Each structure stands twice: as C-alpha cells, then as structure tokens.
Amino acid sequence: MLAHGAGQGMDSPFMERMARLIAARGIRVLRFEFPYMQSMRRTGTRRPPDSASRLTAAWHQALDRLAEHGLEPDRLLIGGKSLGGRMASLVAVERPVAGLVCLGYPF
C-alpha cells in the first residue's frame, strides 16, 4: 500500500508510474489519500498536510480496512512518496507489516 507525497495526490504521474512498475512485477498495489488531499480535491483549495498524528491515523484506518477484508499484515508492504513514506515508517513500527518502501524519503 502506497501513500502520496505532500504536494500531489495518489494519481500524480510519479505515483502512477511507480504503481505500474511495481504491478509489472506481479505485486498488487493499493493507494490511498490523506484527508487533507481529499479536501483539496473537493474544494480546489490548496492546504498544508495535516499533523503527523492525523496522517498516521489515516494510515491506521487504511490498514484496518484491509484487515477487514482478510489481508494478512505479514504479507503487506507499506510506504509511499516522501511524506507518505515518512508516515508509513512511523506506522511500520506500530503494526505488523512485512516491510517498508520509501520513495523519496524526506530526511
């Protein structure tokens, strides 16, 4: 599961390309958007990312939805582009996941 960076959503050219490249290796790719990006889509108004606690809560919510559908966390890789990868790294220490993928990790 991949999350987007701070400035562009899950359908940015970068995220589209990465999802295609990963899927070409036979790995199913799921993407989601943080609440602030969903709001930007609805209103057309640019805004900064939410707090880290809200962003990690969105990650947990997305993972909970997957668990409801029977996805085993020990087979799940999580990550994302920049901000999405950073938040995934915080979640990865709290949830049983198979691994972490950080694309353009913001140090």
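This note walks through a predicted model, point by point, from its sheet to its helices and a few single residues.

1. **Ground rules.** Because the model is predicted, local features need pLDDT of at least 70 and side-chain atom pairs count only at pLDDT 80 or more, while totals for chains, interfaces and linings use all residues. Residues are numbered from 1 along each chain as its sequence is written, and side-chain values use heavy atoms, with hydrogens and water left out. Helices (H or I, at least four residues) and strands (E, at least two) are DSSP runs, numbered from the N terminus.

2. **The sheet.** Two strands are said to pair if DSSP finds at least two bridges between them.

3. **Who partners whom.** Strand β1 is joined to β3 (residues 77-81) by 2 bridges, and the two run parallel. Here Leu2 has Gly79 of β3 as its bridge partner, and Ala3 stands opposite Gly80 in β3. On to the next pair: β3 and β4 are linked in the parallel sense over 5 bridges, with Leu77 opposite Gly99 in β4.

4. **Helix α1.** Which residues of α1 are buried? They are Met15, Met18 and Ala19, where buried means under 20% relative accessible area, exposed over 50% and partly exposed in between (1.4 Å probe, protein chains only). These residues cover an arc of only 100 degrees around the axis, which puts them on the same side of α1; the arc is that of the directions from the helix axis to the C-beta atoms. On the other side of α1, Pro13 and Arg20 are exposed. What covers the buried residues of α1 includes β1, β2, β3 and β4. As background, an α-helix has 3.6 residues a turn, so residues three or four places apart point the same way.

5. **Helix α2.** In α2 (residues 35-43), the buried residues are Tyr36, Met37, Ser39 and Met40. Their arc around the axis is only 155 degrees, which puts them on the same side of α2. Among the elements covering these buried residues are α3 and α4. Just after α2 comes Gly44, with a positive phi of about 75 degrees.

6. **Where α3 meets α4.** How do you describe such a pair? Two packed helices are described by the angle between their axes and the distance between the axes. For α3 (residues 52-68) and α4 (residues 83-92), the axes come within 9 Å and cross at roughly 75 degrees. The two helices are therefore roughly perpendicular to each other. Angles under 35 degrees count as roughly parallel, over 145 as roughly antiparallel, 65 to 115 as roughly perpendicular and the rest as oblique. Axes are lines fitted to C-alpha atoms, for helices over the stretch in contact, and angles run from 0 to 180 degrees between N-to-C directions.

7. **The residues in that contact.** From α3, Ala52, Leu55, Thr56, Trp59, His60 and Leu63 meet Leu83, Gly84, Met87, Ala88, Leu90 and Val91 of α4; contact means heavy atoms within 4.5 Å. The residues of this contact divide into 9 nonpolar, 3 polar and no charged. In this scheme Ala, Val, Leu, Ile, Met, Phe, Trp, Tyr, Cys and Pro count as nonpolar, Asp, Glu, Lys and Arg as charged, and the others, Gly among them, as polar.

8. **Two loop residues worth a look.** Gly5 sits in the loop between β1 (2-3) and α1 (13-23) and is buried, with a relative accessible area of 8%. Leaving aside residues up to four places away in sequence, Gly5 touches Tyr36, Met37, Lys81, Ser82, Leu83 and Gly84. Ser82 itself is in the loop between β3 and α4, and its phi is near 50 degrees, a positive value in a residue other than glycine. For context, most residues other than glycine have a negative phi.

9. **Cys102.** This residue lies in strand β4 and is partly exposed, with a relative accessible area of 31%. Not counting residues up to four places away in sequence, Cys102 touches Gly80 and Gly85.
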